[in-house]
Structures are given as C-alpha cells and as structure tokens.
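Reader: Please show the sequence and the model. I will then ask about the interface, the symmetry and the confidence.

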There are 2 protein chains.
Amino acid sequence: MCIKREIPLGHFQARSQQLPALPRRALSTGLAPKEEPEASVPAAMLRRQLLAWPAWLFRGPPGPRGACALGADGRPVGPLARRGCCSAPGTPEVPLTRERYPVRRLPFSTVSEQDLAAFERIVPGGVVTDPEALQAPNVDWMRTLRGSSKVLLRPRTSEEVSHILRHCHERNLAVNPQGGNTGMVGGSVPVFDEIILSTARMNQVLSFHSVSGILVCQAGCVLEELSRYVEERDFIMPLDLGAKGSCHIGGNVATNAGGLRFLRYGSLRGTVLGLEVVLADGTILDCLTSLRKDNTGYDLKQLFIGSEGTLGVITAVSILCPPKPRAVNVAFLGCPGFAEVLQTFSTCKGMLGEILSAFEFMDAVCMQLVGRHLHLASPVQESAFYVLIETSGSNAGHDAEKLGSFLEHALGSGLVTDGTMATDQTKVKVPHVLLAGPLSVRQVQPCLGMPGRVIGAA
Amino acid sequence: MCIKREIPLGHFQARSQQLPALPRRALSTGLAPKEEPEASVPAAMLRRQLLAWPAWLFRGPPGPRGACALGADGRPVGPLARRGCCSAPGTPEVPLTRERYPVRRLPFSTVSEQDLAAFERIVPGGVVTDPEALQAPNVDWMRTLRGSSKVLLRPRTSEEVSHILRHCHERNLAVNPQGGNTGMVGGSVPVFDEIILSTARMNQVLSFHSVSGILVCQAGCVLEELSRYVEERDFIMPLDLGAKGSCHIGGNVATNAGGLRFLRYGSLRGTVLGLEVVLADGTILDCLTSLRKDNTGYDLKQLFIGSEGTLGVITAVSILCPPKPRAVNVAFLGCPGFAEVLQTFSTCKGMLGEILSAFEFMDAVCMQLVGRHLHLASPVQESAFYVLIETSGSNAGHDAEKLGSFLEHALGSGLVTDGTMATDQTKVKVPHVLLAGPLSVRQVQPCLGMPGRVIGAA
C-alpha cells in the first residue's frame, strides 16, 4: 500500500504549460530538405526513420538514398547514420527553445559552485558540466528544441536521486528528468537551464521470476537490453518500439508508451505492476509490488504512468512479461476501400482471435510516399488502402493455417483484392522504426521489397 | 483530459478506518455450523458457494446437502436457496455492526423530513424508507455486518446522483454507494445510518462499437446482462465472476474486481477505458473516453478503480470487450508436489501460450473438503496437488491439439500423474462461484462428477 497526498509539484516544470504546440512547419527545419515544401513533413520523418531501420531492409531494391549510404557491414554510415552526428560541419545549429517560442522562465534559482560541490558529494564522478558533453542531452531527437542546461547528473541509485531532489527542492532548482532522450515531443530536454537528471547509469535488473515472468529493474535499463534479457529466458517485453535501442524503461512508463505490441498485450497500465518513484522533495514512494493484482489502497503508481516526470522521477519498474511466441507471420494486403479495412479488422479479430498481434493500415498516398522516399515498390496491386496483419502464436502450423483460412475468406468475399505473406521469422522481425512517425509506414517494410508468397490477385 | 485536484472526501466514509479486520471466528456466525470449530471457515464458505453454483452440478452424485434441497426444475430451493431468504423464521438476525465492533460514528447530520422531501424532488419515486424494504440493503452478502440506514435512493441518471450528492454535501449527510451488494468484505453496506445510494436503476447500455468491441454503459448494469448483450454481438466481457448475476459493473470497477478471466484478459486497469464519476460535492467528472490509449493529461480515472466509492460514485463505464472465443477446453490434473505445480504452470504457459485462459491449483486438503461438503468425488487419482487448466481459442481443433501435446508432455515428464479433460463447451461453462472464496474450489467442479475423458494414469 502506498498512500501519500499533497505531492509537491514545485520543482518539476509542467512542459505543457511552458511549450506551445509546435507549428507544423517547425518540422521542416533541421534535416528536412527546404526544396520540398509540400512534402517536407513526411520526408523529414521518413528520412529519420530510415536511419533506424535494420540493415537487411537496405539490401532490397537499389536506388539513391541521399545522405544515408551503407558501409561495408551493411549498416548506414555517413553524416546521417547515427544520432548525435547530425551536428556535423554544415548542419545548422538547433535554435534555443527560449528564443524560438514565447516561453517564460519561472523564478527558479541557478546552479552555484556550492550546488555543484553538493552534487559531487552525492554522486561522485556523476556530475557532468563539460559544455561539449552537454550538447547532446540539451537537444531533442527531432532537433527542433534546445535547452541550455549547464549540469547533468548521473545517479546510480534511488537514494542518490532522492538526495539530489531534496537538495534541489531546498535550493529551488528546476530539474528535468531524462531517459534515453528519444521522445518526439521535446519532453526529455530542458527549456531553460534546468538540471538534467539522467537515468542512464540506473541500468540494473533487480530480479526476474522465471515462472510468473515478472521483471523488476531500474528505470534506466534500455528497452532492447531488457528484451534480450527476458528473451533469453523465453519471455518478451510487453512493449516494443522503434527507439528500443536507446529508450529507457522508466521513460517508457513515464510517457505511457504504446508501441508495436499494444494490440496484443495492452497498455502499460495493465502490465506495469509496480513503480518506485522519487517525489520532488526527495521522498521515495515505494509502490514496487510484483503482485498481478494489488488492491491494498489507492493505486497511486497509475498517476505516474504517463505523467512525463511532472509528478516525480520513476526510479524502478516492476513489469509483467508475456511468454515468447514461437511463430510470427506477417501479411500485407490491398483493400478496395475503408469500409473493407474495417470489415477486414472485424473478420481477422474473429478468425485469428488470440494470435492477432498487430493490425495497421495505410492509404494509397502513403504508399506513394513510401515509394518516393524509400524507393520500395509495393508488392501488391495498387489499392485504395493497404493493411498489415501480424500474428504471434505458440504453434507455427496452427498459425499459418488460421492465417490461410482468414486470407482465403477475405479474398473470396472481396474484402481484400491482393496480398503477400511472409512466414520466415527472420524476415518479419519488427523493425526499429519510430512509432511516433506516420502510422502508415510503421510496419510496412517487412512486406515491401522482400521475398514473399503472393497469396492471390483478384 | 480530466484534471481536478483537492477532491473532497468528507462525505464518504473510508471503511478501512471504521472497520477493524474481521476476526477469523466471525465467519463462523450466521450460517456456519457451530459444531465444526476447526473447519468452520471453509465449511461456511463452501456452503454459501453451493447456493450460487449452476443446477447441472447438483445432478451429479447423490447425497445429503443440508438445508439446500433441489426443486423440480433442478434449482436449489428452501431457506438457503436464494439470497435474502436467509432471514427466514429461525435464522438468527445479523447483529448490528456498530454493536459488534468498536466503531465510532463521525459527526454527520441525520436525515430530516426536509431532506426526504428534497430527495423526492430529485428522484421522484426513487426514495425508499420502508423498513422492510431497507432490511436487505442494510445487510452484507456474508451476513456478518448490518447497518441501520433509514433511506435508500434510486437515481436513474448521473445528474440525479450529482444533485443528491450536492444536497448531502451541503447538509453534511453521510452516503454509502451500493451496487449489487455482493461484496465479501462489507464495503457495500452502511455501518451506521448512512444514506444508501443504489445504482440499481442506472442500468442502460449507452453504446457499443461492433468493430472495436468498446462498450459504454451506466454503472448499475448487471454484469451477466452485459455479458449476454455483448455475447450476442460475438464479444465477451473482459471479466467474469461468481456474483455476475447480481453484481453491477460500477461496483466491479469500484472494487477493481479480478475474476475468472484475469489471467487471459488482465486487470480492469487495462480494460476500463473511461469512467464517469460524481464527486462528493456533486461535481461530475467526465473521463468517459473510449480511446484505447489516452495520454492527454493525468489518467485520473485510475484513482477511482479500486477506490471502493471513497473518492466518488462511478456512474458510467467505458470498457473494452475481447472477441468471443469459439472453443473452450478444461483439464483437471493431479500433481505430485508443489514444485511440479509451478513447473506445470511454466510448461503450459509455453505450450498453450495464447490460448491459456485459466490456471488454478488446490491441495489435497481442499479436495477432501470438496468431497466432504459438496459430496463430489475426485475424477483423478489422489494427489498432493490438483491443477485446473482452461483454454479458450478461435479453433477447436487447434486448441485440442495443443492441449493434447501439452498433456502428453506433462504426463511423460512426470509433472502430472493423472488427469481428465472436457471439451464439451456446455459442460465447461465457468460456474457461478464466488471468487473471494477459497482459491482451491473456485473452478474445480467443471471436472468433478462429470463425464470426462481420462487422459492417462501414471
């Protein structure tokens, strides 16, 4: 049970109050080519996603790829190849947020030499003040926002986080918690000179129960590393998303991330069983239960899921991991209209039932953009809409049979006019794309430009 | 988005502060036979559960069943047959809670004639003051607690609830929300003379989306009626529990009920998408979204899930219903030890994967109690532990094959020494048992005393 009222909010800046909504044209700065005014938003998004996609994708159809060339190992290289390399010579500097938007700094104190000495005592060797090292954590992943923080702290334990926040509370210093800094809405970087509190060194798995699949870990664990850890034990993480190679589980929970497995395993509100949170005044709130259902008192941890660090800093997470599926199939289909997309969804929910793990759709314009910017040809006939269906199950034969029956029905009844299916698990591995990008290109490439089985053409 | 701070708590009595934990012997009052001091708790529990079980169960082995005889239609009749009939002549009166426990009435006002007139204006024809009619809502289902409320109000709309609570707030009158009054911990009945606010007439389905399976309904809808409603549309409710014939969905949410489908479909924190709640001062908090994931602002509705009416009265619910499974199988197995129970759980999670919908275990003593009190013989060899496994899937053939493979493996490796399996859906229908009862008898009877297929004996 964890009940605590009157949570102090003072030292956490509510970003939504400080930042106005980004104008659409803001996305055209940074990497977006100026010469494509109409298509600048998707072009910028697509190009960024491209960098995160797996190497095998690029072995497909040939064609120009702009600044993103491939190295000898098949991985993208060059100035756009890795995050953080974008500020190479010639790349324009990201403008300061405070100069770009009409935001007002609240009356917080500024960091003094005494504060730095106190931080050094709390986290020896974990105080970063080098301007060079502070460049990256001051800029968001979209390169549209830049803060001017002078200090980054790298605690290893909840107690250290508690001491830091208590000190900041007493000194009226603003704090900006930061996980993997992969957010798309600027929530992970300071607006002014807030102290950046990084969870990067809080990356220990605390326990894993091999029967129940319950993982307890520190907030700074990288999602992909957790995935690898539990997959070795025949489980999977209940969420998966494009930024998994960098994002932290604490940040996933703080932003209530959805991701590729949402349809199958539901939201973090159901799979996160417990949290440890440090409040602004340094109080450690221990809700780190690992019960499947804990009805003892109000479920305060829910308040922190999706609160984006405004109520406290998540320092540890208890999460329920589902068993690892043994078979994964992907089908990519063409639909004649939106009514058929909806009907296809209803039908596959009924016929695929428990093995349906993803359902996405895109329209013809999206497919044209995929062709134009990714130089990938559609493997199915031109259609008004396209649908991607993924199944995950425990028996490859059963799953293929269910998917086959469904596809036969869908083709026979005119819901679907064309399609292709991939059953090779290595080929259908969900790519490292960014979920906050356009829905339509989220999962399309497993079926594009790869060897698939054409299942029919009406 | 719904953000409201400083929720007034004044007029909702926090039960946990008023009621001490029930002493274990308290359960032996009422219906429990005094001559069974050691076994009195399970005996009382079992006898009460007996009343709620389906009629076909009683057609099994013959034998005395105490006061619970069967009528011509196969349904239990007699003094114990129905709730509310227990106060027949000769049945001892339930003692008043305030006389039984050292509880203190807080300084609330008492209901006056003017209050009654005001209530009559707010809910014409919905004010109950007849002492006879107030007997049942003053007593809890376990018949261990009794309040002395003089007024029961039956609103039909959220606005009526709002007007009632605003009046009570101004008049400093205590209120006790009540749904189906099926709770096992006394949370649904008054301790003193609180006004009982019944949701019984708030029983309208507001909308159902046949593609997404999202149901929006008033809080007073009976769970079983909602189940019937969505099953006609090829969906099921994400929760199912023994009291479903009486319990209200609002009460299910207010108590964060788990139930028989918890293992498969998770907790209400994941499946409840939105709530409408009336706070103590009459404010209507509209969080009745039907988005699968709504990250706009803090998810305040989560605070009300499991808050047992102490923060506000839930008046409407938006809930995600999964597709109806087409095949259900149940296996009842004997395990030689607890280590094998755990190993069986891990193995069946891996081999049955997505179709596993329930896993329960009981020990040998529980089985003896089932035999002694329910007069049902175990269909498998005597074992140290027994396991019940339920599968629900979209393809009967695939499910049976998966279950068969698992059972073959479990028997071959010595995890299981004996077992029986039922594949007839009419026989394995999850019984109306009370989940708050002993875990071990929760789901056992689908396999007891019924025609099953013996799958092996090691």
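Author: This is a predicted model, in which local features need pLDDT of at least 70 and side-chain atom pairs count only at pLDDT 80 or more, while totals for chains, interfaces and linings use all residues. Residues are numbered from 1 along each chain as its sequence is written, chains are lettered from A and ligands numbered from 1 in the order in which they are written, and side-chain values use heavy atoms, with hydrogens and water left out.

Reader: How many residues of chain B are in contact with chain A?

Author: Contact means heavy atoms within 4.5 Å. On the chain A side 46 residues take part, and on the chain B side the number is 46.

Reader: What area do chain B and chain A bury between them?

Author: Buried area is the accessible area (1.4 Å probe) that two parts lose on being put together, summed over both. In chain B, B:Val211, B:Tyr298 and B:Glu354 lose the most, together 17% of what that side buries. Carbon and sulfur atoms carry 53% of the buried area, which is about 3,700 Å².

Reader: Which rotation superposes chain B on chain A?

Author: The copies are superposed by least squares on the C-alpha atoms of residues with pLDDT of at least 70 in both. The shift along the axis is 0.0 Å and the RMSD is 0.0 Å, with a rotation of 180°. The two copies are thus related as by a two-fold rotation axis.

Reader: Which residue of chain B comes closest to the rotation axis?

Author: The distance is taken at C-alpha and comes to 2.2 Å. The residue is B:Gly270.

Reader: Are α15(A) and α15(B) roughly parallel or antiparallel to each other?

Author: Helices are DSSP runs (H or I, at least four residues) numbered from the N terminus, and α15 covers residues 396-412 in chain A and in chain B. Axes are lines fitted to C-alpha atoms over the stretch in contact, with angles from 0 to 180 degrees between N-to-C directions. The axes lie 11 Å apart at an angle of about 175°. Angles over 145 degrees count as roughly antiparallel, so α15(A) and α15(B) are roughly antiparallel.

Reader: What is the mean pLDDT of chain A?

Author: pLDDT is the predictor's confidence in each residue, from 0 to 100. It stays under 50 over residues 1-88 of chain A. In chain A 72% of the residues reach 70 or more, and the mean is 77.

Methods. Helix = DSSP H or I, 4+ residues; strand = E, 2+ residues; numbered from the N terminus. Parallel < 35°, antiparallel > 145°, perpendicular 65-115°, else oblique.
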